[in-house]
Amino acid sequence: MSIFASVPKAPADPILGLVGRFKADTSEKKVNLSVGAYRTAEGKPWILPSVAEAEKLVVLDTTQDKEYQPIDGKPENKLPVQQLLFDQSVIDSGCIATAQALSGTGSLQVIAQFLKFMGVKKVWGPNPTWGNHPKIFARALLEYETYPYWHQESRGLDFAGMMAGIQKMQEGECILLHAVAHNPTGVDPTVAQWDEIVAACRERKLIPLLDNAYQGYASGDLAKDGYAQRLFTSSGLEFFIAQSFAKNFGLYGERIGYVHAKCATKEAAEVVLSQLKIIIRQAYSSPPKHGAAIVNKVLTTPELKDMWLKELTLMSNRISDMRVALRQAIEAKGTPGTWNHVTDQIGMFTFTGLSKEQVVRMVEEFHIYMTADGRISMAGLNPSNVQYVAECIDKAAR
Ligand code: PLP
């Protein structure tokens with residue numbers, strides 16, 4: 001009898017489990033629209049040329065060793081990543097506590113533990129949200145509740161519902177917001193709506209947490225996609241950012257990201273950083289070097305940074321082209337329903353509006369892998385499969 005006899009087998013991760021099923025599927029028609037990773041027009045993973053160049057330079061750099069990094073990452077790596085989010089005067093004020101962490105998920109995990117340590121009781125996240133969010137906060141023993149976000153009829157933002165939801169939040173509670181390219185809906189607040197959200201956060205005395213996993217992916221423009229952060233910063237509010245470089249550098253497996261806490265004073269930032277370091281030390285001691293070195297090399301080498309900015313535009317343009325192609329193909333078939341949301345939504349995902357039963361057909365009958373909530377990753381579409389996907393959406397939607 002095993003000592004593990006009483007341990008129940010856990011279900012496969014809803015997204016990563018689909019990847020396994022996709023790999024095992026022998027159909028020639030199969031299409032993977034489940035995972036949020038960029039694919040080329042040929043359907044292949046892509047190492048960004050700027051990243052490949054930076055990696056060569058990092059490997060050749062004989063001053064690099066394999067010693068541990070500081071608990072919060074190398075101090076000289078912080079400025080270039082802060083500059084993607086904050087104006088120089090804010091950085092110079094010393095009011096930002098920054099620590100390297102394990103991509104977006106690891107950054108959220110550290111922030112969740114820190115919120116618990118601060119005595120925060122509850123986190124409010126959008127409904128729906130990335131499936132891992134509620135679990136990350138539950139794991140830190142925080143209460144988790146949702147506020148309305150998705151409006152099924154318009155397939156857009158339920159702004160009135162969201163604002164009413166914020167009115168229910170209590171002083172000192174945390175509000176989780178997607179900084180840009182909301183996952184899974186692809187629906188973001190407008191500039192004017194962000195103003196109202198910031199004002200409401202201030203009025204309710206909330207602690208905002210911006211999950212920044214797709215900067216540069218929505219519009220191809222870092223500044224445009226960084227709007228929410230700049231607005232929160234200029235509002236004077238204190239808030240957190242979980243910054244991931246998985247998607248915008250294509251460094252998924254390198255696990256590179258940063259935690260930032262924008263504090264009211266330099267002294268507060270020093271105190272916050274000291275406690276973030278305790279959490280990190282106990283969790284995994286210090287962060288990995290390689291991804292951090294690559295990101296730093298790209299951001300601090302002007303030619304590589306230029307290349308990277310062009311690559312971001314290329315990736316976001318390819319996704320926009322696929323949005324247009326998918327919508328046209330569906331509309332050409334006269335598929336029931338409206339399909340403008342396919343081009344209205346932004347970022348990596350489209351929330352198709354297909355029901356659970358329709359999604360089951362897409363997977364089981366048509367070999368098109370997508371999450372049960374009807375989300376598809378636009379990056380998995382390409383000129384060779386978009387017609388087939390449109391045909392199957394048409395069949396499923398009838
Ligand atoms: N936040 C959101 C909204 C995401 O969609 C993801 C990944 O899909 C992440 C965070 C975390 O990604 P990673 O841990 O790979 O940086």
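The buried residues of helix 13 pack against helix 2 (49-60), helix 12 (290-300), helix 14 (340-344) and helix 16 (386-397), a residue being buried if 20 or more other C-beta atoms, placed from the backbone, lie within 10 Å of its own, and two residues being in contact if their C-beta atoms lie within 7 Å. The model is predicted, with local features requiring pLDDT of at least 70 and side-chain atom pairs pLDDT 80 or more, whereas totals for chains, interfaces and linings use all residues. Residues are numbered from 1 along each chain as its sequence is written.

Among the buried residues of helix 13 are Leu304, Trp308, Glu311, Leu312, Met315 and Ile319. The 31 residues of this helix (residues 302-332) should span 45 Å at 1.5 Å a residue, in agreement with the 45 Å between its end C-alpha atoms. Helix 13 is followed by Gly334, which has a positive phi near 70°.

The axes of helix 2 and helix 13, fitted to C-alpha atoms over the stretch in contact, come within 8 Å and cross at roughly 150°. The two helices are therefore roughly antiparallel, the term applied to angles over 145 degrees. Pro49, Ser50, Glu53 and Ala54 of helix 2 meet Leu304, Met307, Trp308 and Glu311 of helix 13.

The ligand is surrounded by 13 residues, of which Ser103, Gly104, Thr105, Ser244 and Ala246 are the closest; a residue is counted as near if its C-beta atom, placed from the backbone, lies within 6 Å. Helix 5 (residues 103-118) supplies the largest share of this shell, 3 residues.

Key: Helix = DSSP H or I, 4+ residues; strand = E, 2+ residues; numbered from the N terminus. Expected span 1.5 Å × (residues − 1). Buried ≥ 20, exposed ≤ 12 C-beta atoms within 10 Å, placed from the backbone. Axes fitted to C-alpha atoms, helices over the stretch in contact; angles between N-to-C directions. Parallel < 35°, antiparallel > 145°, perpendicular 65-115°, else oblique.
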